[in-house]
Amino acid sequence: MKATYDIFRRIPESGPVWIESVQGFENTKARLLHLINFRPGEYFVFDSTTARITPASSLVHASGPATTVPFERV
């Protein structure tokens, strides 16, 4: 079973807004690239199994599933 990640967009005036849940690391990266290109902004991903977040910019620049992405504890 693939891990599920929640994608959020950070809105300066009102705080984070949940966008959607995506299964799998590669699917999450692809979806983030689409979102960033379609509607630029500050996005981040939440991994509920580890309670960690990471900025979208760190994920989309990661090179493949073997890459360790630095998450921050919430």
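Me: Before we start, what does contact mean here?

Reply: Contact means heavy atoms within 4.5 Å. This is a predicted model, where local features need pLDDT of at least 70, side-chain atom pairs count only at pLDDT 80 or more, and totals for chains, interfaces and linings use all residues. Residues are numbered from 1 along each chain as its sequence is written, and side-chain values use heavy atoms, with hydrogens and water left out.

Me: OK, which residues of α1 are buried?

Reply: General idea: an α-helix has 3.6 residues a turn, so residues three or four places apart point the same way. Here, F25, T28, K29, L32 and L35 are the buried ones in α1 (buried is under 20% relative accessible area, exposed over 50%, partly exposed in between, with a 1.4 Å probe and protein chains only). They sit on the same side of α1, because their arc around the axis is only 130°, taken from the directions from the helix axis to the C-beta atoms. N37 and F38, on the other side, are exposed.

Me: And what covers those buried residues of α1?

Reply: The cover includes β1 (4-11), β2 (15-23), β3 (42-47) and α2 (56-60). Helices (H or I, at least four residues) and strands (E, at least two) are DSSP runs, numbered from the N terminus.

Me: How many aromatic pairs are there?

Reply: You describe a pair of aromatic rings by the distance of the centres and the angle of the planes. Rings of Phe, Tyr and Trp (its six-membered ring) pair if their centres lie within 6.5 Å; planes under 30 degrees apart count as stacked, over 60 as edge-to-face and the rest as tilted. That gives 1 aromatic pair. F8 and F44 have ring centres 5.2 Å apart and planes at 5°, so they're stacked. The pair links distant parts of the chain, with F8 in strand β1 and F44 in strand β3, 36 residues apart.
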